[in-house]
Amino acid sequence: MKIVLLLASVLAAAGQIFFKFGANGRTALAEYINPWVTIGFVCYGAGALLWIHALSKVPLVQVYPFTALVFVMAIVAGVFLFGESTSVAYWVGIGFILTGLFLVSL
């Protein structure tokens, strides 16, 4: 089930990344209707379906910590795909998130 949760998290993060691609430089509401946003919805929706499947098999307290991976992947994507800046505190925080996820998944 951890593979399903990991894939659900990857798809949710991918959805956010595609939303960002689709939103960059746009100002009018109609401009948000574009292929990037559409792909984002597909990824996000597929991730949600996998998430619901996982919830049907595993207790919520075991599933929910995997949402933290979405935060980590989104921050990493922001830095490497969009050139956004972070601080050392961000990376320390990511380390804490990953350590916490490891601990609760034992």
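Where in the protein chain is confidence lowest, and where is it highest? Some notes to get you started.

1. This is a predicted model, with local features needing pLDDT of at least 70 and side-chain atom pairs counted only at pLDDT 80 or more, while totals for chains, interfaces and linings use all residues. Residues are numbered from 1 along each chain as its sequence is written, and side-chain values use heavy atoms, leaving out hydrogens and water.

2. On the opening question: helix α3 (residues 60-63) has the lowest confidence, with a mean of 89, and α2 has the highest, at 96. The score here is pLDDT, the predictor's confidence in each residue, from 0 to 100. For the protein chain the mean is 93, and 100% of residues reach 70 or more.

3. As for the fold, you'll find 5 helices and 0 strands, running α-α-α-α-α from the N terminus. Both are DSSP runs numbered from the N terminus (helices: H or I, at least four residues; strands: E, at least two). The C-alpha trace spans about 45 × 35 × 15 Å along its principal axes.

4. Of the 106 residues, 28% are buried, that is, under 20% relative accessible area with a 1.4 Å probe, protein chains only.

5. Val-58 deserves a click: leaving aside neighbours within four places in sequence, Val-58 is in contact with Met-1 and Val-63, contact meaning heavy atoms within 4.5 Å.

Conventions
Buried means under 20% relative accessible area, exposed over 50%, partly exposed in between (1.4 Å probe, protein chains only).
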